[in-house]
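Here are my notes on this model, as numbered points. Please read them with the structure open.

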Amino acid sequence: MSLKIQHIIPEIHARFSGNPDTEIDTVSIDSRSLQNNSQTLFFALAGLNNDAHQYIPDLIAKGVQNFVVNHIPKDLESKANFLLVENTLQALQDFASYYRKSFHFPIIGITGSNGKTIVKEWLNFLLSPDYNIIRSPKSYNSQVGVPLSVISINEKHNLGIFEAGISTVREMEKLEKIIQPTIGILTNIGSAHDEGFQNLEEKISEKLRLFEHSEVLIYQKNTLVDSLIDATTKTFSWSFNDKNANVFITQKQLSEKTQLSISYDTISFNAIIPFQDKASIENAISCLMALLYLGYLPEIIQERMQLLYSVEMRLKVKNGINNTAIVDDSYSSDYQSLKIALDFLEQQKQYKKKTIILSDIIQSGLPTDELYKKVSELVTSNKIDRVIGVGEEIGTYSNSFKNIITYKNTDDLISDFKNLNFENETILIKGARIFQFEKITSLLEEKTHETVLEINLNAISHNLNFFKSKLKPQTKLMVMVKAFGYGSGGFEIAKLLEYHKADYLGVAFADEGIALKSAGITLPIMVLNPENTSFSAIIEHNLEPEIYSIKGLRAFLKIAEQKNLEQFPVHIKLDTGMHRLGFQEDDLDELIATLKNTPSIKVKSILSHMATSDDLTHHEFAKSQIALFEKLSARLMQELSINPIRHILNTSGISNYPEAQYDMVRLGIGLYGVSNDPSETKYLENVGTLKSIISQIRTIQSGESVGYGRRFMASKETKIATIPIGYADGIPRSWGNQLGYVMIKNQKASIVGSVCMDMLMVDVSTIDCLEGDPVIIFGEDPNVTYIAEKLGTIPYEILTGISHRVKRVFYRE
Ligand SMILES: *Cc1c(COP(=O)(O)O)cnc(C)c1O
């Protein structure tokens, strides 16, 4: 892209200050991206509570010169070029739609309730031998993702594939203007109507708007959809049962595959796909229809369809061998997704040293010399310490890279694995499918059993923003990451909170804080429960202790004076009714006397904790705690002449006692997607999904039993699956004996017999499943709140009880 700012101004309806002759060559919305430079046009999007305008001073310091803003931040007017608009997201969309108009090749637009990303990835695979394709990276299908995808088109492309996702009415017409698809595909529309729509008809009609100006719409024939399609839309439909469809298909199951028999016009032929589930079959047919429409011959369709593969769209971070962190993106390699993966690497780097294992880049739409020049620039601007290249092409261009080692193929790298000395580094694994980089990932991954707790980083951001939206703008936010981030991971979550500009982190013990500081977290960290023996370490690592007793205060003062500290921040905890830790009213005289004339420390904040913020039957008690906090803290402030941060609210307090926000709140469980109030839970996103697999399946007869103590007796022939997760992993033993269930293939499988230490058994008599199939222990369903309720406990206990031997994997969608 190369555009002058003066041409952009009218397209996005901006008022401008600065130099209109400036050229821009990239667009960015991500302040963390290391590609932001003087030719970048930065759109400062203003989310619910994460407003990118706040990053502008940092970006100017890094050399970014061009900003689209809804206001010019104070004192920056003369420091950069500003395009002032009413709504920066609208401006990004207008820009994308203007940019899109300069290209005139076929664009496939995909929407539907399920399968969009898979259809897009498969079409890319099926068509890439013949086209230079630009497609949405990952599942960039939103109001922000779509414009960013379209902006990546360049002159060398000759086919585009973009997906569009909407959650409510009037969103699709915006996406239609940006994608301007010529060929439309409607994937599975689902039967449930989503929250953003009044009914299923409205949802479908809205989705169909994507195709308003398409030359054709490909879809599965269905009377409801038919009744909603505009009469002027040309369609190309398929069906399993309606002979009026343009293409009629029958299916036959083969072992682990499906044979499709296709009749279209005068031709009929078979094609085999390596899947048996309904969703994959429908998605494969959507792709097949596109190939037919584009005029592909049956032979080619047959040859390529049988090679379809499972699509992995998530970027994951896992722990690796020898103190490494692995960012696994071993399924695709194109320039766009490389850029996204490098941004993610920067955000999640746990070890300073950054390594990338990179295969040949496939399908960029650029000549190879230009492509590898761009890739090397990307690698350099991202400050990658070493590059390990795999493939003939990248080998040819190894001169363009510093610190590169290359291998002809993946097996060569693997035989040289020992000499690569992977340790104390963050490693991005990024390769095209044919390079089978999963072989490398499995060598680098820390070996644990098949059970993983997957943590959705997008959901954490969402939940954080939800609670921020409840705060007054000036209220600060401390996020509690004690107990390994409520079992969800320490560093990775802290890193994300740092990006979101949380003000404080809270941990229970000094060790937890030390681990975060040592990994490079710079946010201030309060330690709730500092032991006297840890005071030196607390000072050394710049942690901030909570002081809750005169004894503790004296001990800390002694060390602080010995070390000649000045104004070292401490937090004074008041007991207003919880009766756990803290100074009571009677202690205040002594506290004030001790704190007077102590230049070595400074009261940074005064806090208290509520015993019943979640339970409105104790409303009066909660009010009395707040009143006492007000009284005691006011007295401290007055008699010591100090003006510290005051805070008393936890998650439920934020929701139930908004008037007591004071200067800061302490968010805990809500960040992890759990609210004590069911009406609030629906606004939160599920963060953790505990997954395992089926180890073995057997059939037992009536009268036979399962597990220790024979607590399950089959009353009829029963199919039993064994899952390698037990109470040592944190599954309460009481969750067995048909109280609890797991999900397999979206169906409930009741846990039979007692949960064992490392295993549990479930009844899968009515589920069509195989050994090795994935199992969900908890996540969306069953969720931890439900499990906790059934077991007479609280979600906190379930979440923090998941043992450390369960591997955590973090991902971003
Ligand atoms: C754990 C904790 C919190 C957070 O509580 P949630 O209910 O998880 O929001 C806040 N303050 C203190 C002192 C805590 O110990």
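**Notes on the predicted model**

1. I start with Ser 549. Its relative accessibility is 24%, so Ser 549 counts as partly exposed. The coordinates come from a predicted model, which applies to every point below. Ser 549 sits in the loop that runs between strand 27 (544-547) and helix 21 (550-562). A polar atom of the Ser 549 side chain lies 3.0 Å from the backbone nitrogen of Gly 552.

2. Ser 534 is another serine in a loop. That loop lies between strand 26 (525-527) and helix 20 (535-540). Is Ser 534 buried or exposed? Ser 534 is buried, because its relative accessible area of 13% falls under the 20% limit. Its side chain reaches a backbone oxygen, that of Glu 531, at 2.7 Å.

3. Lys 482 places a polar side-chain atom 2.6 Å from a ligand oxygen. For Asn 650, an N or O atom of the side chain is 3.2 Å from an oxygen atom of the ligand. Arg 666 has a polar side-chain atom 2.7 Å from a ligand nitrogen. The ligand taken alone exposes 380 Å², and the protein buries 95% of that.

4. An unreviewed UniProt entry annotates Lys 482 as "modified residue: N6-(pyridoxal phosphate)lysine". In the model, Lys 482 belongs to helix 17, which covers residues 482-486. Lys 482 is partly exposed, since its relative accessible area is 24%. That value counts only the protein chains as cover. Not counting residues up to four places away in sequence, Lys 482 touches Gly 506, Val 507, Ala 508, Glu 512 and Leu 528.

5. The active-site annotation should be read with care. The unreviewed UniProt entry puts "active site" on Lys 482 and Tyr 708. These positions span 227 residues in sequence, and the farthest two C-alpha atoms are 35.8 Å apart, so they do not all gather at one spot. Where is Tyr 708 in the fold? Tyr 708 is found in the loop between strand 34 (705-706) and strand 35 (712-713). Tyr 708 counts as exposed because its relative accessibility is 59%, over the 50% limit.

6. The unreviewed entry gives residues 687-811 as "domain: Alanine racemase C-terminal".

7. Asp 30 is found in the loop between strand 4 (26-28) and strand 5 (40-43). What is the relative accessible area of Asp 30? The value is 15%, so Asp 30 is buried. Leaving aside neighbours within four places in sequence, Asp 30 is in contact with Asn 36, Phe 42, Asp 343, Gln 347 and Tyr 499.

8. Pro 274 lies in the loop between strand 16 (267-273) and helix 9 (278-293). With a relative accessible area of 27%, Pro 274 is partly exposed. Its contacts, leaving aside neighbours within four places in sequence, are Glu 256, Lys 257, Met 305, Gln 306 and Leu 308. Pro 274 and Tyr 55 are 219 residues apart along the chain, and their C-alpha atoms are separated by 48 Å.

Methods:
Residues are numbered from 1 along each chain as its sequence is written. This is a predicted model: local features need pLDDT of at least 70, side-chain atom pairs count only at pLDDT 80 or more; totals for chains, interfaces and linings use all residues. Side-chain values use heavy atoms; hydrogens and water are left out. A polar contact is a pair of N or O atoms within 3.5 Å; within protein, one must be able to donate a hydrogen and the other to accept it, and residues adjacent in sequence count only if both atoms are side-chain atoms. Accessible areas come from the Shrake-Rupley method with a 1.4 Å probe; for residues, only the protein chains shown count as cover. UniProt positions are given in the numbering used here, feature names are shortened, and annotations may be inferred rather than shown by experiment. Helices (H or I, at least four residues) and strands (E, at least two) are DSSP runs, numbered from the N terminus. Buried means under 20% relative accessible area, exposed over 50%, partly exposed in between (1.4 Å probe, protein chains only). Contact means heavy atoms within 4.5 Å.
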